[in-house]
Structure formats: structure tokens, C-alpha cells
Amino acid sequence: MIKIIAGRLFQLIPVLWIILTLTFFMTKIVPGGPFSAERQATPEVIAQLNAYYGLDKPVWQQYLRYLSKVVMFDFGPSYTYQSESVNEVIGRAFPISLQIGTLAFCIALVIGVTAGVIAAANKNKLLDYLPMSISMLGICLPTFVLGPILALVFGLVLKLAPVSGWYGLNYVPLHPAVMPAVTLGLFYAAYIARLTRGGMLDILNQDFIRTARAKGVPEHEIIFRHASRGGLLPVVAFLGPCFAGLISGSFVVEKVFNVPGLGQEFIKSVFNRDYPLILGTVVFFGALIVIFNLVSDVVQLLLDPRSRN
Amino acid sequence: MALLEIEDLRTYFYTRAGIVRAVDGVSLSLSHGETMGIVGESGSGKSVTCYSILGLIPRPPGKIVSGVARFDGIDLLSCSDRQLRAIRGKRISMIFQDPMTSLNPYMRISDQLVEPLLVHEGMSRSGALIRAVESLEELGIQDASTRINLYPHQFSGGMRQRIMIAMALISRPEILIADEPTSALDVTVQAQILELIKQRQRELGTAVIFITHDLGVVASFCQYVTVMYAGRIVESAPTGELFARPMHPYSASLQQSIPALHQKGQPLYTIPGMPPDLTLDIEGCPFAPRCGHATAICREQRVALKEITSGHGTACIRFQRGELANTPLASTAAAL
Amino acid sequence: MRDSTRAAPFADPVPVQGESLERGSSLWRDAWLRLQKNRIALFGLWTFMLIAILCLGGPFFTSYSYESTEISLKASAPTERIVLRTEFRKVGEPRESYLALSSLEDEFLERSPAERRAIKERVQNGNEFREGNAAYRLSNQRHVFGTDPLGRDLLTRVLIGGRISLAVGFAATLVSIAIGVVWGAAAGFAGGKVDTVMMRFADILYALPFTVIVILLMVMFGRNFVLLFVAIGAVEWLNMSRIVRGQIIALKNQEFIEAAISLGLPAYRIMFRHLIPNVMGSIIIYTTLTVPNVMLLEAVLSFLGLGVQPPLSSWGVLIDEGSRTMETSPWLLFFPAVFFTLTLFSLNFLGDGLRDALDPKSSKD
């Protein structure tokens, strides 16, 4: 067990290295540097800037220099935010994304699993069709459609939540993280609901459920004690990808609600060709995703006794 | 008085292909401590009969259309789910065919074993655990007190079936329904498991309904046999009677197809044709299309089971009329 | 005695009647029959066909172009009456422009409200109104879905956008299926070390933050339309390869493949004639489920300004534009969102239905 986790942790390093290298050379291949866009700068100034940031050296030297710094968790200075390092930008923007992401994650799990279990327990009845139709609608209604609608209803009409922005929004009752999180969470709740239903139905059709019924175990215990452990395995397996989705989803909701989170910073950095910031955020996202995949794998192992030896 | 008495049970499945009459008018009775075998091919309705009385058939698509199942003055078929649950696992228990899939792979053996005690007798967990270890030991599982904490996948098929039996008998039921408990096991293990069931039955005085397609098992194990075909009972008799004087062509053919009864070098006997499509409403005897003795009346008229001699009933009209009484249907029985 | 047993009447085989023999039907025919009984899946199929036909053929009949702007028209509401303004100039042809009836009053802001209302009523009743060198009269133009802030016909833009979204969806799915099937089949068929290496590679790719990579690709290499679906396709093949590999491995151990191998058939022939046709079902199911995913990804990119560029539109672009003017002209969000959602809906239902139909094990009875 510990061996598996250690092995997976060890795999983390090459994956991150591949991400880093891939991204690094991608930014080098493309024409145009970060400072060519600044019209005012004379060629001398550009040359000076390039020299300052070490961009005049051969690519492999830049790569090695960058790699040696990254090993020390130093992602260098940001080009666009002159006074901030990449670490500082991430440190400022990520907590915002994290708040939204965590809240969305909880919303998705609670609503999704509840709806899925209810649907599975009432297979082919109204309480199955109703939540499943709603969840299908949720899957097909992308965040960038749902977001504006929610902003319109709760922000402009009911005035419960801010329509956009993050700081200094104390005049509305709801925290600015709520609407983005609900938007994001509902989409994943829909997905999780379908996964939960599928997983639970798979298990509920198994022979050992019949055994439990034959023992006279009440239906609610059959669902919660006998079926849930196996039935929720697909959901646990989805948690890793779900988290990755929450991160990429954050690009959209942060734009819709104009939240200065890491997603926004990433999009901006890409448009500004702020290479250190691009690299830093990509590696950061990559590490998060890899770690979450690992966590979800480990939880799966813990839940399934057969995989333990 | 009979312990369990089923009358005219009909369980239909409403599927896309049509109504499948899986059990179509079954009546039988079981006395205290008796062992009854229900024999038939797969799809003959023997399992569905037992699932029906315990409310274990999936609804939908299954539905119990009619019937009464009296158990100790209670009609199981008109019980509420709650009442049935109180009987299942407490007074009537079941063992299933495939021990590999019938135990919950996500739960420890101990948790599964104590469940009937916790659910029905409100025992404390520690007390139930002691009983569970005892019950495993009674079934010849060594080291029970440590192995009880393992998961099912850590046991072999035969061991798992022992665990299933222990679990079914842990609350001392009055009836044990064994649904082909040995079909999925190796031949050597089969004998052990049968012996164990027999032994525990003697000790506890439990009545057993033994569902099987293996006549050999019936011969060695059951006092009474019910033969089912296409959802109906075609013959029921004390075991010796059935083998000596089968009163239905289907029972006779079944006996003929036991490989062990054949001489070497002879081709194995198979019953020609296929079992009927249960979505069709069969007018006459369901076996008539495959029966060498069938006459026009067999195909037209549905015949109820009728006792010919004491305890020996048949649904074959030609036997009931005495037309086939002297035909040597299956003198193979002499070879037994 | 024994002989008499043999001679028992049961030994005579009763001939099997013709009608009791099952009529053989192919898996595909069976699946189609099952699909026809699944009303929701059929609804998905027909809805999707309808949308696809509308998007492909519709733009030829709308009599508007998706790119010609009419600034004065601004965002007119769906089916609103449109007024034609003709300005007579000293030289050259008179200049014609259009504006929405509701914004007619804004032309005469120097007049009193009562007068403005009167002018509007006159024009509305079909009379011409002249003011200086300009003449106003009701035109017979109609924009069923209204127009966008640049006065472009929304219906045409939605249909053209649909073409792009569907094209990206299917092209990228094809790319992903091609890579995924070949990769998965090769890994599954080869087995052993090759399989391990190929699948480990896929595992590593699986751990990459893909939306991030696609965004990078789109920005770095210009917002190229072809690159868009190549990038998405390159991202989406992983699941396909896993599914195909699993199925191939399961099939490989079956007798008919062993028979083919023992007959000495070449590997490519076994793969393309025997293995891949057998996993066609899964491929089709997964295709119907990948297309909506891809369309969603394209829409996200377009929404972020990284996908299709104006004046070309896709549903993602239109939804982005619509969400910006949601308060004043909600129809700009409504129509593209409905088309988009309905398409995803129908494809998902169709995919679910196909899965039930092609995989008899998962069917409900």
C-alpha cells in the first residue's frame, strides 16, 4: 500500500518535468518575445531587457538555468508585473481560485452523490427520472451559459450576490465566491450524479445485494452499508479529473464573474507572453492535478479491499 | 401441519419481449425438518418460486400475479415489506449458487456474518461476533477467530460457500432454501458442502428446500422431490418413488439423461427439442412438443397436479388416466 | 431389460418444428430495433439531425450574410419591425440604411415625446415620413432571431456558428478517434512490453493539465481554425485508446482470434478485419459522447477569446458576445445557448441510447 503511494509519488517528478520541458520549449519555438510588443521600446532597450532576463543566451542555457531555479521552487520574476515574482502572483491569485474551487467541489459532491443515490434507489421511478433529467440539463448547460444567467438572477434582479469582481463587495449578503462556485459546482454535480447512479446500480444488481436482502437487511442499510462502498468507486475515480476540470473551469467562471483568480492570471499571462508566469502556472496546475489524481487513486485502493494485495 | 404451504403461485415478468410466465401455478408443501428437492432445467422456475415467497424477485419487471404462501399462519405473499424482512434471514434463510459473487467483496466476513443477528435479534456486536466465530467453527473453518476479519476474496470458493451456510444458519432458521449451492464448486468440494448442510440440518432440525438440476444430488440428499418444467410442477413424489416409478415422461427423461446411468460406448441421452418459450401462453402440457407419448389431448388441455398414489402426484394426463401406468418409462432406476 | 430402455419411445427424436427455430438477426439490426424503442434516444437522433440540417442548409435561405454589418440597426429584438431610412444626397445614389422601429424615436430626440410617438405611429402604419433629406418607411425585412450589436442577422450567425461548432466537434472527434483507435488497438494487440510502454505514455499524458496545454497551443501558434481541432483531437484520444485497448485484449483471447492467428493471417488483417469491426460498437458509442465534449471544449476556448475569430462565429463566440449584452438584449444569449444546449442534449441522449442498444448486457430487462 505504502509502496504504491511511494511509487506514484515518484512518478510525479517525471510528469512535472515533462510538463515543464514541453511548456518551456513551446514558449521558445514561437516567434515574438515578451518585449517585442512594447511599441515604445527602442531596439537598445529591448536588447537590454533581454539581457537582463537572460533571454540573449542560447536556449539550452536558459533551460538549464530555469530548471535549476525551479528545483528550488523559484519561478523567477514576472515580466508583466514588474514588482512581483511569479511566486507572489500565484500566492495572491491562487487562494481566490482555491476558495471557489473548494466550495464548488463540496457543492458538486454533496448534490451529485445525493441525487445519484436517490435516483439509483428509485430506479425507473419519478425520483430517478427527475434528478437524472435535471442532471442531463446540467451537463449540457455549460458554465458560461449558466454563469451569466445566475449573475443576472441573483446579482441584478435579487441583488443577493455581486455580479462581478472580488474585493470590497461587502454590500451584498453573499460572498463573491458563492456564485462562481455554484456555477462551477452545479455542472460537476450533474456529472457526479450520473456517475453515482451508474455505480450504485451496478452494485445493486450484484448477487451479494440479493444475499443482503435475503438476510433481511433493511433497504436503507443495503444502500448505505452494502452498496455505497463499491458504488461510489467510480465517483472517487472521477475526483482527480474533476479537480482538473474545476481548475480549467475556473478560467471560464473567473472570466464570467471577473474574479482575479489564478485562471484569469493564466489567461492574461498567455496573452501577454509572460513566459515565467505561464511556466509557473502551468507547472503549478500540473502538480495540483497530479497530486489530486494520486489522492483519488489512493482512496480507491482504500475502498476496494481486493486491490490491497 | 405443513410448515410452508404454497398454493397456485404465479410469478410473471413483464419484459419488452412479452410476459414471461416464469412460475405458472405452483403448489407445494414442506413439513418441519423435511428436505425437499426442486429439480428442473435452468429457466424452469425453481429459483423464481423461492425468490417469490421471500419477496426477492426484482419488481419491476417481476410481479406475483396470484398465489398464497402460508408459513406459520402468515401469508408471505401478502406481507408488507417490513414483515417479510423480519422473516428473511431469521426464520427463512437462503444460500445462493455462486459463492464468488454472493458475498460482499467490500465488507469483512465478520460484518456480513453478524448482520442477521444485529438486524433480527438486536444482539450486541461483541456477542454476535462470538456467535459468528462459533458458527464458522461448526462448519469446519479453522482459525475462525482470526480469519473472520478477512475479506471474501481471501477465501477459496468452497470456503466462501461454508461462510454463506454459516451466515444462513446463524439465526437458526426454520427453513433453509439452498439455490444450487454446489453447482459452482469443484466436484470434491461439492460433496463436502452437501455433507455439511446435511449435518447442520440434522443438528438444527431445519427444513431444507434444495434447488438443483442434479438428480444425483437429489437422490442422495432429499426425502421428497418436486420436478418443475416451464414454470409448472410436473411431478412430485418421495425420492425413492420418483426414481422407481416416474409418473411423468419429463421426469423419466431427466433420469435417462444422467450420464452415470449409461453404459460405456452408448451415446448420451438428450431430451430432443427445446424448452418452450415462456412468453407464449401454453394451452396444454408444456412438455407435449418434446414428449414421445403426447396425444392430442396433451396439447389442448391444461392438467393440474393430481395425486395418484399416496404422496405421488403427476401432471401428466395420460398417467392420471392410467394409460401409461404399465409402460416401462425408465427402468434405468433399477440401475441405481 | 436395458435394451428395452434404449427402445423407449423417448429415444426417438421429435423433429424440431421450423417455427421454433430462432430467426438469426445481426447485432446491428438488433441494436437498431432496440434503439427505435428508446424514445429519448430517438428524440436525440431526430433533434440532432434537424439542427445539423438547419445549420448546413439554413444559411442559404436566410437572405442575410453572417458578416455584413448594419451599424444603425444595432441589436434589434427578434421579429421586430425594421424601418428603412433613405438619405437623399446631392451627389450620387441615395444612401439606404436600416434601423429598428423601437429606436426610431431616438432619431428625433430634439422633438417632444408626443411628436416622436406620432412619427413612430405614422411609420408603423405603413406611411412614409420625411424629415429634411431623409425618408423613413417600414421595410419588409424581418430578423427572426433579432440582430447583434453590429446589426448582423442573429439567425444566420447562429446557423453559421453551428456549422463551425459542429465541424470542429466532428473533425476533432475524428482526429481523436483515429489516434485513439490505432494506439489502443496496437497496444492491446501487441501486448507485453509494447503495451506497457504505450499505456504508460498515455498515463503520463493523462496527468497533464490539458485544457491548459490547448490554451497554450492556441495562443502560441495563432488562433488557427485547423489547429483548433487538431489540438482538441490530440487531447481527447486518451479515453478512446483505453477503451479500445481493453476490448481488444478481451477479444484477443477468444477462440475466433486464436483461430485466425493459427490460420497464419497477417497481423494487420486480424486487426482490421477481425478485431476492429468487433469494437465498432464501443467506438460509435464513444464517438457520440466525445462530440459534445469536444464542442464544449471548443466553446470554452471561443468563450475565452482563443477559438474562432470574428467575423466567423461559433456557438461559443456567440454565447460570449451574448452574455456581455445579456441585460439589454437577452436574445443574443438565448438563441445560441438554446441551440448549443439542445445539440449537446440530443447527442448525449443519443449516446446513452446507443450504449443501451449496442450493449445488450446493460439493457434494462
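Predicted model: local features only at pLDDT ≥ 70, side-chain atom pairs only at ≥ 80, totals over all residues.
The C-alpha trace of chain A spans about 85 × 55 × 30 Å along its principal axes, and of the 309 residues in the chain, 44% are buried. Where contacts in chain A between residues at least 6 apart in sequence are considered, 75% join residues that are at least 24 apart. One of the helices, α5 of chain A (residues 126-140), has 15 residues and reaches 21 Å from its first C-alpha to its last, which is close to the 21 Å expected at 1.5 Å a residue. Within α5(A), the buried residues include A:Pro131 and A:Ser135, together with A:Gly138, A:Ile139 and A:Cys140 towards the end of the residue range.

Chain A is also in contact with chain C, and this interface brings together 33 residues of chain A and 27 residues of chain C. On the chain C side, the elements that give two or more residues are α7 (210-220), α10 (267-303), α11 (315-324) and α12 (331-358). By class, that side of chain C comprises 21 nonpolar, 4 polar and 2 charged residues.

Chain C also contains paired strands. Strand β1 of chain C (residues 82-87) is joined to β2 of chain C (residues 95-100) by 6 bridges, and the two run antiparallel; in this pairing, C:Arg85 has C:Ser97 of β2(C) as its bridge partner.

In chain B, 4 strands form an open sheet in the order β2-β1-β4-β5, with antiparallel pairing. The edges of this sheet are β2 (18-30) and β5 (74-75) of chain B, each of which pairs on one side only. Strand β4 of chain B (residues 62-71) and β5(B) are paired in the antiparallel sense over 2 bridges, and B:Arg70 stands opposite B:Asp75 in β5(B).

A parallel arrangement is found around strand β8 of chain B. Strand β3 of chain B (residues 35-39) runs parallel to β8(B) and is joined to it by 5 bridges, with B:Gly37 standing opposite B:Phe210. Strand β7 of chain B (residues 175-179) likewise runs parallel to β8(B), through 5 bridges, and B:Leu176 stands opposite B:Val208 in β8(B). Between β7(B) and β8(B) the chain crosses through helix α8 of chain B (residues 187-204), and this β-α-β crossover is right-handed. Since 6 of the 6 residues of β8(B) (residues 207-212) are buried, the strand is largely enclosed by the rest of the structure. Both of its faces are covered, with B:Ala207, B:Ile209 and B:Ile211 buried on one side and B:Val208, B:Phe210 and B:Thr212 buried on the other.

Most residues other than glycine have a negative phi. B:Asp143, although not a glycine, has a positive phi of about 65 degrees, and B:Glu180, also not a glycine, has a positive phi of about 45 degrees. B:Asp143 lies in the loop between α5 (125-138) and α6 (144-147) of chain B, whereas B:Glu180 is placed in the loop between β7 and α8 of chain B.

The largest nonpolar core has 256 residues, of which A:Tyr188, A:Ile192, B:Ile209 and C:Ile319 touch the most other members. With residues up to four places away in sequence not counted, A:Ile192 touches A:Ala108, A:Leu109, A:Gly112, A:Val113 and A:Gly116, as well as A:Val235 and A:Phe238. A second, separate core has 6 residues, among them C:Ile82, C:Val83, C:Phe129 and C:Tyr136.

Methods:
Residues numbered from 1 in each chain as written. Chains lettered and ligands numbered in written order. Contact = placed C-beta atoms within 7 Å. Nonpolar A, V, L, I, M, F, W, Y, C, P; charged D, E, K, R; others polar. Pairing = 2+ DSSP bridges. Buried ≥ 20, exposed ≤ 12 C-beta atoms within 10 Å, placed from the backbone. Right-handed = clockwise from strand over helix to strand, strands pointing away. Expected span 1.5 Å × (residues − 1). Core = buried A, V, L, I, M, F, W, Y, C linked by C-beta atoms within 7 Å.
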